[in-house]
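Please read it beside the sequence and the model.

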Amino acid sequence: MALAERGNRRELKSEMEAEVRNGESAPLRQTTMEGFAVAITGASSGIGAALALKLARPGCRLALIGRNAVRLAEVVARCRERGASCTGAAIDIRESTKVS
């Protein structure tokens with residue numbers, strides 16, 4: 001990966017995380033997510049939370065997975081406020097005995 005690409009990814013990550021912290025994350029421009037089902041790991045913070053909020057809209061079904069149950073519940077609630085059908089599971093996917 002080129003150095004410029006890594007820098008751009010860092011900038012994007014920083015921007016998305018700032019949006020989540022400030023509650024400013026706006027939905028993506030696509031007008032419908034009808035029929036889409038999306039599973040997101042790492043959804044309790046950072047890019048995972050930002051992505052969930054970007055996708056959240058009526059007709060979209062989200063399955064959010066994160067390690068921090070409190071923060072994950074907040075993200076799930078915000079996604080539901082935006083009209084998405086959303087469920088969350090506090091799971092550490094690094095622990096293979098908890099994932100099946």
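Phe-36 sits in the loop that joins helix 1 (3–22) to strand 1 (37–41), where helices (H or I, at least four residues) and strands (E, at least two) are DSSP runs numbered from the N terminus. With a relative accessible area of 41%, Phe-36 is partly exposed; buried means under 20% relative accessible area, exposed over 50%, and partly exposed in between, with a 1.4 Å probe and protein chains only. This is a predicted model, in which local features need pLDDT of at least 70 and side-chain atom pairs count only at pLDDT 80 or more, while totals for chains, interfaces and linings use all residues. Residues are numbered from 1 along each chain as its sequence is written, and side-chain values use heavy atoms, with hydrogens and water left out.

The chain as a whole contains three helices and three strands, which follow one another from the N terminus in the order α-β-α-β-α-β. Of its 100 residues, 28% count as buried.

Ala-63 belongs to strand 2 (residues 61–66) and is partly exposed, its relative accessible area being 30%. Arg-94, by contrast, is placed in the segment after strand 3 (85–90) and is exposed, with a relative accessible area of 63%. Ala-50, a residue of helix 2, has 0% relative accessibility and counts as buried. Each of these residues can be paired with a partner elsewhere in the chain, as tabulated here.

| Residue pair | Separation along the chain | C-alpha separation |
|---|---|---|
| Phe-36 and Leu-62 | 26 residues | 8.4 Å |
| Ala-63 and Val-38 | 25 residues | 6.2 Å |
| Ala-50 and Val-75 | 25 residues | 8.9 Å |
| Arg-94 and Arg-67 | 27 residues | 9.9 Å |

Helix 2 (residues 46–55) is mostly covered, since eight of its 10 residues are buried; besides Ala-50, the buried residues include Gly-46, Gly-48, Ala-49 and Leu-53. How does this helix lie against helix 3? The axes of helix 2 and helix 3 (residues 69–81) come within 9 Å and cross at roughly 15 degrees, the axes being lines fitted to C-alpha atoms over the stretch in contact, with angles running from 0 to 180 degrees between N-to-C directions. Helix 2 and helix 3 are therefore roughly parallel to each other, a term that covers angles under 35 degrees.

The largest pocket has a volume of about 180 Å³. A pocket here is an open set of points on a 1 Å grid over the protein atoms alone, where a 1.4 Å probe fits and protein lies on both sides within 12 Å along at least five of seven lines; lining residues have an atom within 4 Å of a point. The volume is the space filled by probe spheres set on the points. Among the residues that line the largest pocket are Thr-41, Ser-44, Ile-65, Arg-67, Asn-68, Arg-71, Asp-92 and Ile-93. The lining divides into three nonpolar, six polar and three charged residues, where Ala, Val, Leu, Ile, Met, Phe, Trp, Tyr, Cys and Pro count as nonpolar, Asp, Glu, Lys and Arg as charged, and the others, Gly among them, as polar.

Conventions
Angles under 35 degrees count as roughly parallel, over 145 as roughly antiparallel, 65 to 115 as roughly perpendicular and the rest as oblique.
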